[in-house]
Amino acid sequence: MSGLRYVYAVCRPFGTPLPAQLTGVAGVPPKQLVHGELVAVVGQVPEEDFAEGPLRAHLEDLDWLGATARAHQNVIDALTVVTSPLPLRLATVFRDDSGVRSMLEEREETFLRTLDRLGGRVEWGVKVYSEPTEAPEPAEASPKPASASGRTAGSGRDYLRQRRNQRRESEEKWERAEEFSRRLHESLSGYAEDTRIHAPQNSALSRAPGRNILNAAYLVPRTESEAFVELVDRTKDDAPGLRVELTGPWAAYSFSGEDT
């Protein structure tokens with residue numbers, strides 16, 4: 001196999017074949033490189049795109065980066081169906097098979113320990129959003145005598161009272177949302193072997209409507225996944241004004257401890 005080696009993930013040996021039509025980065029089907037008790041899932045990529053200099057330039061190209069990330073994720077998703085992969089960082093590249101084998105040897109103990117922890121488990125993501133609400137129309141007040149300044153009497157007090165009411169309603173809504181998220185997280189954690197609470201997503205970046213309150217990942221045994229999903233579905237309509245989003249099952253990115 002000529003060209004550089006792009007490594008998607010490290011796994012335990014698995015017997016179930018990947019889909020015959022599966023392609024990865026650069027349109028090349030992934031292959032298994034077996035080394036002892038470990039398997040590196042690799043693909044061949046051109047040096048003119050993935051050598052250090054060209055790769056650094058490509059990583060500034062959002063279109064190229066997006067296409068590469070999607071191809072990478074396609075392979076990880078296919079692996080997640082047949083095994084519990086330990087995904088490596090996007091664009092993890094080695095000169096040849098020997099370089100990949102050296103990496104596996106150097107990190108064998110860490111890889112095996114992590115794969116034992118992740119075996120038979122998948123990651124589910126759950127987000128809770130507070131739905132955006134339209135600002136209420138200003139209340140119409142009955143005409144009142146105008147002061148010398150031309151401002152109607154009492155209008156300042158009415159405005160301040162309206163602002164206090166809006167602030168109180170906003171605070172109460174936020175408290176209900178946080179309480180719902182806390183209870184949901186506690187319930188879902190009962191099905192998970194590990195959890196991660198990520199920082200709330202910035203709506204300007206994610207383009208998801210509403211304010212993100214809970215952004216959590218759960219490491220769930222495959223045998224518990226159906227019950228986990230059912231619990232999320234049952235709670236979706238429990239709190240008006242809140243939206244619950246479930247994603248997965250994913251490879252256990254949040255629990256791999258890998259930044260290779």
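## Aromatic cluster, sheet and helices of a predicted model

Tyr6, Tyr8, Phe50 and Trp64 are linked into a cluster by ring pairs. The structure is a predicted model, and the search of the whole structure finds 5 aromatic pairs. Two of these pairs are set out below.

| Ring pair | Distance between centres | Angle between planes | Geometry |
|---|---|---|---|
| Tyr6 and Phe50 | 5.9 Å | 90° | edge-to-face |
| Tyr218 and Phe228 | 5.4 Å | 55° | tilted |

Tyr6 belongs to strand β1 (residues 4-11) and Phe50 to helix α1 (residues 47-50), so their pairing ties together parts that lie 44 residues apart in sequence. Tyr6 and Phe50 are both buried. In the other pair, Tyr218 is part of strand β8 and Phe228 is part of helix α8 (residues 222-235), so the parts tied together are 10 residues apart in sequence. Tyr218 counts as buried because its relative accessibility is 0%. Phe228 is likewise buried, with a relative accessible area of 0%.

### The chain as a whole

The chain contains 8 helices and 9 strands. Of its 260 residues, 38% are buried. Among contacts in the chain with a separation of 6 or more, 78% are between residues 24 or more positions apart.

### Arg5 in strand β1

Strand β1, which holds Tyr6, also contains Arg5. Is Arg5 buried or exposed? Arg5 counts as buried because its relative accessibility is 4%, and the cut-off for a buried residue is under 20%. The side chain of Arg5 is joined to that of Asp97 by a polar contact of 2.7 Å. When neighbours within four places in sequence are left aside, the residues in contact with Arg5 are Gly43, Thr92, Val93, Phe94, Arg95, Asp96, Asp97 and Val100.

### Helix α3

Helix α3 spans residues 62-82 and has 21 residues. From its first C-alpha to its last it reaches 31 Å, which is close to the 30 Å expected at 1.5 Å a residue. At the start of α3, a side-chain oxygen of Asp61 comes to within 3.1 Å of the backbone nitrogen of Asp63.

Which residues of α3 are buried? They are Trp64, Thr68, Ala71, His72, Val75, Ile76, Ala78, Leu79 and Thr80. An α-helix has 3.6 residues a turn, so residues three or four places apart point the same way. Trp64, a buried residue of α3, is also a member of the aromatic cluster.

### The four-stranded sheet

An open sheet of 4 strands is arranged in the order β7-β8-β6-β9, with antiparallel pairing. Strands β7 (194-197) and β9 (242-250) are the edge strands, each pairing on one side only. On average, neighbouring strands of this sheet are turned by 20° against each other, direction ignored.

Strands of a sheet pair through backbone hydrogen bonds, either parallel or antiparallel. Here, strand β6 (residues 121-130) pairs with β9 in the antiparallel sense over 7 bridges. Val126 has Leu246 in β9 as its bridge partner.

Helix α5 (residues 108-118) lies across β6, β7 and β8 (211-221), and runs at about 65° to β6.

How values were computed: Residues numbered from 1 in each chain as written. Predicted model: local features only at pLDDT ≥ 70, side-chain atom pairs only at ≥ 80, totals over all residues. Heavy atoms only, no water. Helix = DSSP H or I, 4+ residues; strand = E, 2+ residues; numbered from the N terminus. Expected span 1.5 Å × (residues − 1). Buried < 20%, exposed > 50% of the residue type's maximum accessible area, 1.4 Å probe, protein only. Polar contact = N/O pair within 3.5 Å; in protein donor to acceptor, adjacent residues only side chain to side chain. Pairing = 2+ DSSP bridges. Axes fitted to C-alpha atoms, helices over the stretch in contact; angles between N-to-C directions. Contact = heavy atoms within 4.5 Å. Phe/Tyr/Trp six-rings, centres within 6.5 Å; stacked < 30°, edge-to-face > 60°.
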